[in-house]
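The following paragraphs lead the reader through a protein chain and its ligand. The sequence and the structure come before the discussion.

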Amino acid sequence: MEPFAKVGDIIFIDPDDGSVELAPHDLWREDTWVGVTKLVVGDRVVVEIGGRLRLFSNSLAEPLRAGLTVEGTDSGILGILSEKAIKFLDDSTEDALPERFIVPSNENLSFEDFGGYSDIVTRARELIELPLKYHDALNEIGARPIKGVLSSGPSGTGKTLLARIIANHADAVFYAINGPEVLSKWYGQSEEIIRRIFEDAKKRERAIIFFDEIDSLASQRSDESHEASRRVVGQLLALMDGFSPDTNVMVLGTTNRPQDVDSALRRPGRFDWHVDFPIPTKRDREAILATSGRKLRLKEDMPHLWVADRTESWTPAELAAIWTEAALLAVSDGRRALLPEDYIGGYERVAKQRTGSRG
Ligand SMILES: Nc1ncnc2c1ncn2[C@@H]1O[C@H](COP(=O)(O)OP(=O)(O)OP(=O)(O)O)[C@@H](O)[C@H]1O
Ligand SMILES: [Mg+2]
């Protein structure tokens, strides 16, 4: 027979009839904390928890050192969460300031640098640039504001590049937030950072808040390990719902897996507009090749069509990589400008890497 209870279980004993009952596991569950080890002396450990120092004895099987992120309860340390110390926000944590998330605008970046995909460019400008530029006019008309746009598509299809070009062109301050990074580096404080970024953005004349890999924050899964990301999504939704008519902020999210994005994010007034970046067609490929080689020093006309013909299913990032390989071939041959043979050689090299990486 299975034993009734294990060591450490809590049981109730009825004083009248002496019957015994197992208490539910979460009864009197102690609050957990997250902290950083500061000093280890023998089996005694000083842990900084929310700015306060506390002393514990190491009850773990493994030795501890200073600078680890650990979790525990009042009774002791339960385990190591990370080999690195997480950071806590206070006024001295400069790298959490909203300004640190601003990507400086690049004067040299324009729509000329974005090849092909003309329908997508038009649609994205309509959804992102027009609302930012004509914020007041749209308000006067009384249109429901566009607050969030989700862009999806495989890696390397230009989602980030186009967003940055549009921000430049619309003269908008561009905040870039990487989903996984903000979660791991600022464990437990990500909501606060996001709140500060939104506060900062609202003060600007125009701003774009760009969430890369938003699916990593806002996935449909809802088990306990995703508690932190669910809190972040809750915060994000509350902030977007709380935009006042004066707020001229557009929130962009990118994902490679739109099906994984929490449906709460897709509701009206949130990320309810969508731009899809597909794998380029042959015509797009030709334009992307010409565009991405535009600033290079070329000796002769380049056979873009020849390359476009042979690069079915390639992403724009892979096409752009051809030029880097071509330049390497040219310099290794002692030249200072590209010849068509470098271009073709570059294509062959990237083609080989692609088949290699796909097994
Ligand atoms: N339409 C395009 N024209 C020219 N070059 C492009 C285009 N799209 C992408 N590229 C090139 O590919 C690189 C990667 O693009 P980008 O970072 O925007 O992809 P992404 O869709 O954001 O990918 P990920 O999902 O991995 O973040 C760009 O820096 C640029 O060199
Ligand atoms: Mg990107």
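In which sense, right-handed or left-handed, does H8 pass H10? The crossing of H8 with H10 is right-handed, where a crossing is left-handed if the near helix is turned anticlockwise from the far one by less than a right angle, and right-handed if clockwise. The model is predicted, and local features need pLDDT of at least 70 while side-chain atom pairs count only at pLDDT 80 or more, totals for chains, interfaces and linings using all residues. Residues are numbered from 1 along each chain as its sequence is written, and chains are lettered from A and ligands numbered from 1 in the order in which they are written.

The protein chain contains 11 helices and 12 strands; these are DSSP runs, numbered from the N terminus, with helices (H or I) of at least four residues and strands (E) of at least two. Of its 359 residues, 31% count as buried. A residue is buried if 20 or more other C-beta atoms lie within 10 Å of its own, exposed if 12 or fewer, and partly exposed in between, with C-beta atoms placed from the backbone.

Axes are lines fitted to C-alpha atoms, for helices over the stretch in contact, and angles run from 0 to 180 degrees between N-to-C directions; angles under 35 degrees count as roughly parallel, over 145 as roughly antiparallel, 65 to 115 as roughly perpendicular and the rest as oblique. From H8, Arg-285, Ile-288, Leu-289 and Ser-292 take part, and from H10, Pro-316, Leu-319, Ala-320 and Trp-323. By class, the residues of this contact are 6 nonpolar, 1 polar and 1 charged. Here Ala, Val, Leu, Ile, Met, Phe, Trp, Tyr, Cys and Pro count as nonpolar, Asp, Glu, Lys and Arg as charged, and the others, Gly among them, as polar.

H10 also packs against helix H11 (residues 340–357), at an angle of about 125 degrees and with the axes 7 Å apart. H10 is therefore oblique to H11, and the crossing is right-handed. Residues of H10 in this contact include Trp-323, Ala-326 and Leu-329, while those of H11 include Tyr-343, Gly-346 and Val-350. The contact of H10 with H11 comprises 9 nonpolar, 2 polar and 5 charged residues.

Pro-316 leads on to the ligand. Around ligand 1 there are 18 residues, of which Ser-155, Gly-158, Thr-160, Leu-161 and Pro-316 come nearest; a residue is near a molecule if its C-beta atom, placed from the backbone, lies within 6 Å of it. H3, H8 and H10 each give two or more residues to this shell. The shell divides into 7 nonpolar, 10 polar and 1 charged residues.

H3 (residues 159–170) packs against H1 (residues 118–133) at about 40 degrees, with the axes 10 Å apart, in a right-handed crossing. Among the residues that meet are Val-121, Ile-128 and Leu-132 of H1 and Leu-162 and Ile-166 of H3. This contact has 7 nonpolar, 1 polar and 3 charged residues.

Ile-128 also touches Val-149, a residue of strand E8 (residues 148–152). Val-149 is buried because 22 other C-beta atoms lie within 10 Å. The C-alpha atoms of Val-149 and Met-250 are separated by 7.8 Å, although the two residues are 101 residues apart along the chain.

Most residues other than glycine have a negative phi. Tyr-117, in the loop between strand E7 (76–82) and H1, has a positive phi near 50 degrees. Tyr-117 counts as buried because it has 24 C-beta neighbours inside 10 Å. Asp-171, in the loop between H3 and strand E9 (173–178), has a positive phi of about 60 degrees. Asp-171 counts as exposed because it has 12 C-beta neighbours inside 10 Å.

Definitions and conventions. Contact = placed C-beta atoms within 7 Å. Lists of a residue's contacts leave out its neighbours within four places in sequence.
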